[in-house]
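Please open the structure in your viewer and keep the selection tool at hand.

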Amino acid sequence: MLLLIFSLPLSASPFKEAPAFQQVFETHSSVMLLIDPASGHIIDANPAAAKFYGYSQHSLRGMFIQQINTLTSEQVKEERLIAESEGRNYFIFRHRLADQSVRTVSVNSHPFMMNKQTLLLSVIHDITPGRHDAQAMWHYQQKLEEMVELKVNEIEHVREQQLWMMWGGLGVQSFVIALLVVNIQRRRRLQRALAEQRKSLANIIWGTDVGTWEWNVISGEATLNERWAQTIGYSLEELGCISIHTWWDFVHPDDVERSKEYLLEHFTGETDAYQCEVRLRHKQGHWVWVQDRGKVVEWTDEGKPLLVSGTHFDISKRKAAEEGLRQAASVFEYANEGIMITDPEGIIQNANHAFSKITGYERGEVVGKNPRILSSGYHDADYFEEMWQTLQEKGSWTNEVWNRRKSGEVFAAMQTVSAVKDDAGNVLRYVSLFSDITALKEQQNKLEKIAHFDALTGLPNRVLLSDRLHQAIARARRFETLIAVVFFDLDGFKAVNDNFGHSIGDRLLVKIASRSESALREGDSLARLGGDEFVVVLQDLESHEAALLIVERLMQMIATPVQIQNHQHRVSASFGLTYFPQMEEIDADQLVRQADQAMYIAKQSGKNRYHIFDAEQDRSIRGKHDKLQRIQDALEANEFVLVYQPKVNMRSGDVIGVEALIRWQHPESGLLSPAEFLPIIEGNQELVITVGEWVIEQALTQIERWRGEGIDLPISVNVDALHLQVPDFVDRIRRLLAQHPRVLPGDLELEVLESSALNDISRVSGIINACREIGISFALDDFGTGYSSLTYLKQLPANLLKIDQSFVRDMLEDMEDLSILEGVLGLANAFRCETIAEGVESVEQGEMLLMMGCELAQGYVIAKPMSPASVPGWLANWTLPQSWRGRNPISRDELPLLFAIVEHRTWYNRVKDSLSQIGKRSEVRHSCQFGRWIAKIDYSRYEDQLDLRQLRSLHDEVHRIADELLHKAHDGENYTYVLKQFDASFKAFLQGLTSMLR
């Protein structure tokens, strides 16, 4: 019968007369092609191939494999060599379908004899990413054996007939012998063909690397191959007696019902085949994902399923890959950082949602473009050359970069670019992650200005003065020139403040500062230390007398009357001078102190004059050595004591600790504050360390005493900069802690002045980290007064920032202080540090701090410093002010309302002050920030739109009444009734602002 198969023309299917092989070839779900290896001509294709490639079977029989395989002959040869080197029994090609799409496939090819011609039987599997459910052939091995046995019986029957014919007559003997020879040859060819087909089918099943199964639905018996058992870690012997229950025993309980449902759908004819993805329990206890496929191959006479054959394939890696892709896609799409992916040439391939949100460009607008569309023009070619060089050498680059949004707005970004490479080191793509840090940069610029310049006069402040003075000293040393430091204080300024108010005093200071600047030379520096104190640094002086000429010019300009609001204000100034270099080595701080002392002598001598510092006289007058010795004696006589000021959480009422403050119980002078003795020991490292360690020792002792009374209360201690500079500072702390074993980690906190920490940022940072390891935390004290750089602050691992009381004191009336406080809190929040406000002296200040997001505080409104014996009683009686309890911070959108309260309180007082001054109406006009804000806002962003509109009406009304009030006062009319209206309207407006914040 196989002779008939081999005698068919190539255009027809060669399997029509071989029903067993035809059944396998035509019905198997795997894609199969019969190919002439010499020409590549496709001899035959099964229905699965027609369905996969999209061509009809007839069309495929007229095609060549080169029309489907997209690889060149050289690439095919290379793939064969790779497969051979890797020990694979299959090749990986790229096949083009009828719809012109290209799929990645694995090809298992086996030789197949036909008409003495060797053909290739190729089994193709789609392994394109996302489809790893490789298909397998049905298990027909047993059927093939039955067919072989049938053919053998047929041959035997023919042989018997031939023997009977041979006895039929000698006349046909030669014919019978010839026929017998032909039949024997035919039988041998048939046996060889059947053996080849059987071997080919076995190879195909092995090549698919899938488990196979066969299930008798009636009896429940099942047959599995070895690969089925290996998938779940067993051998067939270990599985023992195999039945359908073997399957159900290994399937995950959550997948059983779904598998049964799909089987029923196939049995009832709803689906052509059974297919289900389930989890099987592995021998080692974990679950293995498999794709189970099967089909009824034999039915009972009643039309019920009898025999089902199928395969199962391990898809665990595919499932894991799909989950990984889902996670990667989720990270890419929902990351807060903008992400941009480019090819090796820098062309954008993809961008996420955050990229669009930050830049304003939608994904479709940038794909295929060069990132230069974001260029701000702020960076030169050298900047980008350095970036590419770093990428090539290190594989990644991180820096700040200025980009431009689609709207044209320039923004700052912290950007990291990484190169993604293959195993050979070739760049596949670049991935760029960036975040918008524009707000942080603006905050940095704002704080740098606040930190270095006086808010009122715009002059350099103490911090910038110190920097410039250090530079001047270095220049004087290098070029051997003379510099002078001039300290001057205004005479009679307090009377101006007392008689005319702080607003007039502030304006006078601005005028004096402007005049003083005009009296100086180019290169000289004028700074305001605070209040009415100023310092001048005069550089490159030709002689000491040259400095005196400038001082006399300053005296004349300051003494000239200043016209403010139709009134002439007259003040003078007392000056103190000192020079550099001197006979002994001296630093910048000492020069300022010398000039300050000389100014004090000038003021005592009659004011409006100058005095030159005399180093010899100063040494004899001060008698510093005697004072230092007195302090040393006081330490030995136990005259120093510690008092403790509580620190609380203003929202919850919890007491979070106390700050230890040193006092001197002087035998003659009584209790002295630190300001009266600590400046004396300043600069004396030995005594500074002695006092500092005494304070720490006393604090540790107090912690143990309170713990014995059932009170667990952390104590914070101030540490001087000189104390920190001791090389063995951390070891000294360890020794002190060892003497107090009941002190636990977190009980002791060290406070260091921000300005001290910034003098040696690296060393202080190392000390803080070392102390953290032994359970001691750090706080930056007087934060905001010595600020230098965001970069330095970022390097300080402090747990707590203590806001200096100078920013808290006038926050309810001073817009500048409130703005500084907002900036400091924003900076602390950016570096994820806790903040505590010092000097809280009123309930209202506490409310304002809570609304701004500062929960921790200390100050007189909470408790004054007290003796250790008074602390337990205070703890028992401490009650949180009701208005603080549960007070939540306001949102950023509500900040203008908070600022409006302070702004209009100041404006209200100015209006009231001006009523007694005829003709001063113009002086109280001001640029109302809240008015501009409320006129431009989008009301839809606020829930209380009606209240906001009413608030705007109240705001406009109070300003209208104020204008009417000032107009009547200016014209000399009676304004009593309007004044009452103004007070009531202003009260209603403040109540409206307050209610909006609640």
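Begin by selecting Arg-88 and Tyr-90: Arg-88 lies over the face of Tyr-90, 5.2 Å from the ring centre. A charge is taken to sit over a ring if NZ of Lys or CZ of Arg is within 6 Å of the ring centre and within 35 degrees of the ring normal. Select next Lys-319 and Trp-289, where the lysine lies over the ring face at 4.4 Å from its centre.

The model is a predicted one, in which local features need pLDDT of at least 70 and side-chain atom pairs count only at pLDDT 80 or more, while totals for chains, interfaces and linings use all residues. Residues are numbered from 1 along each chain as its sequence is written, and side-chain values use heavy atoms, with hydrogens and water left out.

Now display the open sheet of five strands, whose order is β12-β11-β15-β14-β13 with antiparallel pairing. Strands are DSSP runs of E of at least two residues, and helices are runs of H or I of at least four, numbered from the N terminus; two strands pair if DSSP finds at least two bridges between them. At the edges are β12 (348-351) and β13 (396-404), each of which pairs on one side only.

Within this sheet, select β11 (residues 338-342) and β15 (residues 427-436), which are joined in the antiparallel sense by five bridges. Which residue of β15 is the bridge partner of Met-340? The partner is Ser-432.

Remain on β15 and select Phe-434 together with Phe-355. Rings of Phe, Tyr and Trp (its six-membered ring) pair if their centres lie within 6.5 Å; planes under 30 degrees apart count as stacked, over 60 as edge-to-face and the rest as tilted. The centres of Phe-355 and Phe-434 are 5.8 Å apart and their planes stand at 80 degrees, so this pair is edge-to-face. Phe-355 belongs to helix α13 (residues 353-359) and Phe-434 to strand β15, 79 residues apart. Is Phe-355 buried or exposed? At 0% relative accessibility, Phe-355 is buried, where buried means under 20% relative accessible area, exposed over 50% and partly exposed in between (1.4 Å probe, protein chains only). Phe-434 is buried as well, at 3%.

Proceed to Phe-930 and Trp-933, a tilted aromatic pair with 5.7 Å from centre to centre and 35 degrees between the planes. Both lie in helix α36 (residues 929-936), three residues apart, about one turn of the helix.

Finally, select Phe-640, Trp-664, Phe-677 and Trp-694, which ring pairs link into a cluster.
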